[in-house]
Amino acid sequence: MPEGRPGSLRGSVQGSLFGGLETVEPGPLAAAHRTELTEGAWLDVLPGWLSGADELFDRLAGTVPWQAERRWMYDRVVDVPRLLSFYDELDPLPDPALTEARSALSRHYRHELGEPFRTAGLCFYRDGRDSVAWHGDTIGRGGKEDTMVAILSLGAPRMLLLRPRAGGRTIRRSLGSGDLLVMGGSCQRTWEHAVPKTTRSTGGRISVQFRPRGVR
């Protein structure tokens with residue numbers, strides 16, 4: 001169990017406290033709503049894709065070997081404002097529900113992506129002070145090729161922002177527990193995304209990012 005800030009693990013997420021354990025499984029993907037962005041980028045959004053998402057949040061929060069990292073930023077080393085855990089393509093995922101979710105995404109998007117999703121990066125936003133700055137997943141192939149990144153959100157709702165790198169209107173999407181967001185086409189090269197800090201009282205959130213081989 002990570003040593004998070006007080007109240008950071010469950011926060012306002014209480015779905016599994018009543019009525020016993022929920023079944024954790026992905027739903028159909030055909031209902032995902034696609035928004036065409038600029039320069040060949042697109043966005044699929046499917047609220048409530050994963051049933052039992054709060055149960056999965058509790059399992060991952062307590063069992064994943066979360067890592068606190070420090071990185072150079074500008075002229076100094078700073079704490080990364082979230083906890084991290086990465087699973088490469090040969091690593092078993094920390095919960096069978098994530099394996100099932102990745103397989104479902106690979107089946108649905110393979111005709112567009114041309115390959116399966118291989119890796120999973122997990123981020124634990126303990127409260128509103130945790131965040132991720134503007135960026136695109138451009139390490140490796142994502143900096144030169146069209147690709148996809150599928151984000152499964154678990155726990156308390158947080159706002160995801162997207163903006164075109166060339167300048168333009170910022171898109172705001174509130175992602176709740178079990179919601180799915182898929183960024184495709186040129187999105188990683190031509191757009192940026194971020195999860196900003198918030199002063200509102202909020203519980204913990206886990207973001208699971210499924211990616212194909214060679215994209216970070």
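**Close-up views of a predicted model**

**View A. Lining of the second largest pocket.** In this predicted model, the second largest pocket is lined by Pro157, Arg158, Met159, Arg172, Ser174, Pro196, Lys197, Thr198, Arg200, Ser201 and Thr202. By class, these lining residues comprise three nonpolar, four polar and four charged. At least two residues of the lining come from each of strand S11 (158-164) and strand S12 (171-175). The volume of the pocket is about 260 Å³.

**View B. Surroundings of aspartate 95.** Aspartate 95 is located in the loop that runs between strand S7 (83-87) and helix H2 (96-113). With a relative accessible area of 7%, aspartate 95 is buried. Its side chain makes a polar contact of 2.8 Å with the side chain of arginine 59. Beyond neighbours within four places in sequence, aspartate 95 is in contact with Leu56, Arg59 and Leu60.

**View C. Salt bridge between aspartate 137 and arginine 211.** The closest N and O atoms of aspartate 137 and arginine 211 are 3.0 Å apart in a salt bridge. Aspartate 137 lies in the loop between strand S9 (132-135) and strand S10 (149-155), and arginine 211 in strand S15 (residues 205-211), so the pair ties together parts 74 residues apart in sequence. Both aspartate 137 and arginine 211 are buried.

**View D. Salt bridge between glutamate 192 and arginine 165.** These two side chains meet in a salt bridge at 3.4 Å, N to O. Because glutamate 192 lies in strand S14 (residues 191-195) and arginine 165 in the loop between S11 and S12, the pair ties together parts 27 residues apart in sequence. Glutamate 192 is buried, at 15% relative accessible area, whereas arginine 165 is partly exposed, at 39%.

Terms used:
Residues are numbered from 1 along each chain as its sequence is written. This is a predicted model: local features need pLDDT of at least 70, side-chain atom pairs count only at pLDDT 80 or more; totals for chains, interfaces and linings use all residues. Side-chain values use heavy atoms; hydrogens and water are left out. Helices (H or I, at least four residues) and strands (E, at least two) are DSSP runs, numbered from the N terminus. Buried means under 20% relative accessible area, exposed over 50%, partly exposed in between (1.4 Å probe, protein chains only). A polar contact is a pair of N or O atoms within 3.5 Å; within protein, one must be able to donate a hydrogen and the other to accept it, and residues adjacent in sequence count only if both atoms are side-chain atoms. Contact means heavy atoms within 4.5 Å. On a 1 Å grid over the protein atoms alone, a cavity is a set of points where a 1.4 Å probe fits but cannot get out, and a pocket is an open set with protein on both sides within 12 Å along at least five of seven lines; lining residues have an atom within 4 Å of a point. Grid points are joined across faces, edges and corners, and a volume is the space filled by probe spheres set on the points. Ala, Val, Leu, Ile, Met, Phe, Trp, Tyr, Cys and Pro count as nonpolar, Asp, Glu, Lys and Arg as charged, and the others, Gly among them, as polar. A salt bridge is a side-chain nitrogen of Lys or Arg within 4 Å of a carboxyl oxygen of Asp or Glu.
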